[in-house]
Amino acid sequence: MKPFASRWLGSTSRETRDTLFMLLVIGWTIAPHVLRLSPWVGALCIVVLLWRGSLALRQAPLPSRWWLVGTLALASGLTFWTERTLIGKDAGVTLLVVLMALKTLELRARRDALVVFFLGFFLVLTQFLYSQSLATALTMGVSVWGWLTALTLAHMPAGRPRLREAAGLAGRAALIGTPVMIALFLLFPRIGPLWAMPGAGARTGLSDSLELGDVAELANDDSIAFRLRFEGQPPPAEALYFRGPVLSDYDGQQWRVDAFTPPALHAAEPGLPKYRYEMTLEPLRLLWLPLLEGTRDAPQANPPLGNMPARADNSGQWRLLRPLTDRVVLRAEADLQGPAAPTLRPFERRSLLTLPPNRHPRTRAWANELRNQTELRDADPTTLANAVLRHIRRQPYVYTLAPGNYLNDPVDEFWLDRREGFCEHYAASFVVIMRALGVPARIVTGYQGSDVLPVDGYYAVRQSHAHAWAEFWQAGRGWVRADPTGSVAPERIRRSLALEAPPGFIAGAFQAVSPDLRQSLRRFAEAMDNRWNQWILSYGKRQQFDLMSQLGMQSPDVLSLVRALVVLLVAAGLAGAVWAWFDARRQSPWQKLRQGIAHELARLGIDAKPSDTLATLAQRLRRQRGAGAEAAAQALLALDLHRYGRPGHHGTPPGWWRGFREAVAAARAAPAQPIAPDAPPIIGA
């Protein structure tokens with residue numbers, strides 16, 4: 001039995017069916033945009049598309065153009081109100097989505113339908129301005145198939161072709177063009193920024209400033225910040241510190257990056273083990289590359305980053321001139337040690353000891369009491385730092401993502417009263433105490449740890465691995481890392497067990513059904529997404545040259561790519577010409593059937609011309625052969641009714657050809673009884 005939707009669509013007129021199918025394709029195409037744009041856009045599109053569907057079902061007249069002009073003016077005003085402009089990505093996409101919905105209300109001619117089709121293809125492209133993920137590609141692949149099907153239906157004006165037939169023809173046409181698309185993807189030269197799509201799906205990550213609670217808010221995000229793969233044995237989890245902004249300027253409420261940090265002038269300590277790694281960094285709108293601690297030399301980037309410094313600065317930061325808005329693959333080498341700077345200039349020392357006046361008086365008094373302990377009066381910075389960390393381990397401090405708001409003096413209230421906080425609470429309090437003890441100190445933000453199990457050889461580092469730690473100055477050693485989080489929650493550092501935010505409704509349902517199912521599905525989806533990133537989105541000039549080398553070409557360059565592409569296109573053109581030559585001589589199943597009918601009738605002495613209809617052949621057969629050919633004539637009339645009656649069908653009824661041949665054989669065996677030319681016409685011919 002046919003599905004209800006198929007039977008229902010089959011009972012409507014062709015125009016109504018094609019219109020409803022096009023509305024369905026439009027809804028599928030704009031749905032991702034509706035979810036990310038202002039709510040009024042989704043409401044307007046839903047109302048317009050449902051209204052247009054109702055008009056199609058009732059075959060009612062379309063609204064006047066003045067109504068459309070008024071709605072478009074209203075939508076333009078709302079766009080300017082929400083986006084503050086009519087120019088730009090979000091404003092432009094908003095207007096395109098609205099225009100697509102409104103255009104369905106003036107489908108009065110074939111030209112209007114073609115405008116809708118090509119506007120739909122353009123909207124498919126705009127999806128990749130926001131996301132280039134595998135899910136987006138698959139979703140838009142279905143959209144392209146739907147638009148090709150609608151376009152195919154528009155070019156089949158006769159009869160009532162089935163949707164399945166049009167979809168099959170559209171799919172075959174797309175498959176024919178697929179080899180050309182693959183050749184262009186593999187060989188077309190990547191020409192600078194013309195190939196890139198800047199800013200697609202960029203998110204916000206680490207910032208150049210920090211207030212208590214900022215890192216905890218970022219750590220609630222479980223999305224992937226970057227993926228990591230090592231050549232050889234990876235370092236232990238507790239050594240995975242990815243260095244981001246270094247914050248040393250403090251006003252009592254907010255920590256900020258120094259306005260000026262000179263480039264590093266000192267080499268790393270020789271003889272340290274080095275780890276080579278590859279990082280696929282998501283578009284995070286960062287001004288800092290969160291490279292593995294101890295990355296000294298500039299990494300190789302694909303695509304190249306024109307604003308990358310040659311070396312890290314004196315604080316170990318890799319600061320860019322412009323925010324990173326594209327996915328990039330970095331290959332680098334690290335020794336896991338902090339920045340090498342054995343001297344501290346006087347103005348740097350003053351800045352790194354500064355505390356705002358009249359802030360954190362109780363914590364500073366606590367630090368003075370610690371300093372006055374007999375065993376710590378002449379202690380060096382490392383001993384003092386160990387004393388502070390020992391205090392954290394011995395007191396009932398709590399590591400939590402939701403410590404609540406600290407309103408008055410956050411450091412005093414956290415350190416001495418509530419003792420509940422996330423990593424930035426511990427790092428900020430540690431730095432304040434060390435400065436109060438006369439030790440230069442600063443906060444470092446970045447990421448720490450990764451997922452425990454690799455997927456396809458890549459370790460995922462998530463936003464939930466965002467972290468803040470401290471560094472203090474030790475004469476003769478330079479900057480020494482101190483991570484107070486390791487004292488209150490050692491499993492967070494040693495095993496990368498980051499705190500998890502409460503799951504949402506869907507994730508909670510999966511968790512209730514099967515705790516392992518959610519993780520398995522997530523690992524599978526992330527593995528597919530990583531392969532898409534590595535094989536498709538990261539395919540660039542270097543991969544093109546590697547491909548040409550594997551094909552046997554020596555020292556490939558851009559000119560080699562152009563030559564190979566031209567050769568493939570010429571070969572494809574020749575193959576297409578040969579196929580067209582054969583196709584011009586190829587016969588359709590109906591033409592082959594007509595030739596078979598003519599051949600069978602010729603055995604009876606009946607001359608069948610290509611212009612003769614089946615009814616004409618049946619009448620001629622009766623006139624020339626008489627009653628002995630009645631079965632063959634009835635078979636021809638049955639085929640004529642099957643093909644051209646209501647509803648019309650392609651092909652032949654089951655068993656028709658065998659029955660027709662048997663009827664012709666019976667007519668040959670029977671004596672011919674011609675009917676006089678002036679006899680009355682045969683009923684039913």
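Which side chain does a polar contact of 2.9 Å join to that of Asp 451? In this predicted model, the partner is the side chain of Arg 462. Asp 451 lies in the loop that connects strand S13 (441-448) with strand S14 (459-462). The relative accessible area of Asp 451 is 19%, and because buried means under 20%, the residue counts as buried. Apart from neighbours within four places in sequence, the residues in contact with Asp 451 are Tyr 459, Ala 460, Arg 462 and His 465.

Strand S14 also belongs to a sheet. This open sheet has 5 strands in the order S8-S10-S5-S2-S14, and the pairing is antiparallel. Strand S8 (300-302) and S14 form the edges, each pairing on one side only. On average, neighbouring strands of the sheet are turned by 25° against each other, direction ignored. Strands of a sheet pair through backbone hydrogen bonds, in either a parallel or an antiparallel manner.

The pairings can be followed along the sheet. S8 is joined to S10 by 3 bridges in the antiparallel sense, with Gln 300 opposite Arg 331 of S10. Strand S10 (residues 328-334) in turn pairs with S5 over 7 bridges, again antiparallel; here Val 328 in S10 is the bridge partner of Leu 281. Strand S5 (residues 275-281) is mostly covered, since 5 of its 7 residues are buried. Strand S2 (residues 224-230) runs antiparallel to S5 and is joined to it by 5 bridges. Within S5, Glu 278 is the residue that stands opposite Arg 229.

Among the helices, H4 was examined in detail. Helix H4 comprises 19 residues (residues 65-83) and reaches 26 Å from its first C-alpha to its last, close to the 27 Å expected at 1.5 Å a residue. Its buried residues are Leu 68, Thr 71, Ala 75 and Thr 79. These residues cover an arc of only 80° around the axis, so they lie on the same side of H4. An α-helix has 3.6 residues a turn, so residues three or four places apart point the same way. The cover over the buried residues of H4 includes helix H3 (39-58) and helix H5 (89-103). On the face turned away from the buried side, H4 carries the exposed residues Trp 66, Ala 73, Leu 74 and Trp 81. After H4 comes Arg 84, which has a positive phi, near 65°.

Note on methods. Residues are numbered from 1 along each chain as its sequence is written. This is a predicted model: local features need pLDDT of at least 70, side-chain atom pairs count only at pLDDT 80 or more; totals for chains, interfaces and linings use all residues. Side-chain values use heavy atoms; hydrogens and water are left out. Helices (H or I, at least four residues) and strands (E, at least two) are DSSP runs, numbered from the N terminus. Buried means under 20% relative accessible area, exposed over 50%, partly exposed in between (1.4 Å probe, protein chains only). A polar contact is a pair of N or O atoms within 3.5 Å; within protein, one must be able to donate a hydrogen and the other to accept it, and residues adjacent in sequence count only if both atoms are side-chain atoms. Contact means heavy atoms within 4.5 Å. The expected span of a helix is 1.5 Å times one less than its number of residues. The arc is that of the directions from the helix axis to the C-beta atoms. Two strands pair if DSSP finds at least two bridges between them. Axes are lines fitted to C-alpha atoms, for helices over the stretch in contact, and angles run from 0 to 180 degrees between N-to-C directions.
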